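Here's a quick briefing for anyone opening this one up for the first time. Take a look at the sequence and the model, then read on.

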Amino acid sequence: MIGLFRTLAVLALLASAMPARAQTAPADAPPYEAQLLRLSEVLGALHYLRTLCNAPEGGQWRQQMQSLIDAEATTPERRERLVASFNRGYRGFERAYQTCTPSADIAIRRYLDEGTKLAREITSRYGN
């Protein structure tokens, strides 16, 4: 899990260093836009599930998302897309789980793995 936090921090730094023109509009969206939106959705799911399961990191996932928004949301439209993805991930699990269950724990592990993979792919592919 610490590896994901580090990878997300690197991703936030990477995003802030990218040229603004690559982030200004959907037509000019960066090539990693789909992966970034999926990562936002994963963060939303983890925020809901980890809070539901009383995880010790508390609001860490929302804070990570805020860092991502701070780095990537260069326009109101971009911010709206990122927030909508986060909320979609959150609400999807909010409807499905009202208590922490073994299947919620499985979903958490899968989302941690997927989030780590997405963050690594984005940073390794587009970080140079």
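Let's start on the inside: Leu 36 is buried, with a relative accessible area of 0% (buried means under 20% relative accessible area, exposed over 50%, and partly exposed in between, using a 1.4 Å probe and protein chains only). You'll find Leu 36 in helix H2, residues 33-52. Helices here are DSSP runs of H or I with at least four residues, strands are runs of E with at least two, and both are numbered from the N terminus. Leu 36 and Leu 68 sit 32 residues apart in sequence, and their C-alpha atoms are 9.1 Å apart in space.

Before going further, keep in mind that this is a predicted model, where local features need pLDDT of at least 70, side-chain atom pairs count only at pLDDT 80 or more, and totals for chains, interfaces and linings use all residues. Residues are numbered from 1 along each chain as its sequence is written, and side-chain values use heavy atoms, with hydrogens and water left out.

**Overall picture**

- The protein chain has five helices and zero strands, so to speak an α-α-α-α-α pattern when you read along the sequence.
- Of the 128 residues in the protein chain, 47% are buried.
- Take the contacts (heavy atoms within 4.5 Å) with a separation of 6 or more: residues 24 or more positions apart account for 78% of them.

**How confident is the prediction?**

- The mean pLDDT of the protein chain is 83, and 79% of its residues reach 70 or more; pLDDT is the predictor's confidence in each residue, from 0 to 100.
- Among the elements, helix H1 (residues 2-17) has the lowest mean pLDDT, at 46, while H2 has the highest, at 96.
- Over residues 9-25 the pLDDT is below 50, and this stretch has 35 contacts in the model beyond near neighbours in sequence.
- Where pLDDT is low, the predicted coordinates should not be read in detail.

**Aromatic pairs**

- The structure holds four aromatic pairs. Rings of Phe, Tyr and Trp (its six-membered ring) pair if their centres lie within 6.5 Å; planes under 30 degrees apart count as stacked, over 60 as edge-to-face, and the rest as tilted.
- Tyr 48 and Tyr 90 make an edge-to-face pair, 5.0 Å centre to centre with 80° between the planes.
- Tyr 48 lies in helix H2 and Tyr 90 in helix H4 (residues 76-96), so this pair ties together parts that are 42 residues apart in sequence.
- Tyr 48 counts as buried because its relative accessibility is 10%, whereas Tyr 90, at 25%, counts as partly exposed.
- Phe 93 and Tyr 97 make a stacked pair, 5.9 Å centre to centre with 15° between the planes, and both residues are buried.

**The disulfide**

- There is one disulfide, meaning a pair of cysteine sulfur atoms within 2.5 Å.
- Its partners are Cys 53 and Cys 100, with their sulfur atoms 2.0 Å apart.
- The torsion about the S-S bond of Cys 53 and Cys 100 is about 95°, so the disulfide is right-handed.
- The pair links distant parts of the chain, 47 residues apart: Cys 53 is in the loop between H2 and helix H3 (60-72), and Cys 100 is in the loop between H4 and helix H5 (102-126).
- Cys 53 counts as buried at 18% relative accessibility, but Cys 100 counts as partly exposed at 36%.

- Most residues other than glycine have a negative phi.
- Asn 54 has a positive phi of about 55° although it is not a glycine.
- Asn 54 is placed in the loop between H2 and H3, and it counts as exposed because its relative accessibility is 69%.

- H3 has 13 residues and reaches 18 Å from its first C-alpha to its last, close to the 18 Å expected at 1.5 Å a residue; the expected span is 1.5 Å times one less than the number of residues.
- The buried residues in H3 are Trp 61, Gln 64, Met 65, Leu 68, Ile 69, Ala 71 and Glu 72.
- Seen down the axis of H3, its buried residues fall within an arc of 165°, so they line one face of the helix; the arc is that of the directions from the helix axis to the C-beta atoms.
- H5 has 25 residues and reaches 36 Å from its first C-alpha to its last, close to the 36 Å expected at 1.5 Å a residue.
- Among the buried residues of H5 are Ala 104, Ile 108, Tyr 111, Leu 118 and Tyr 126.
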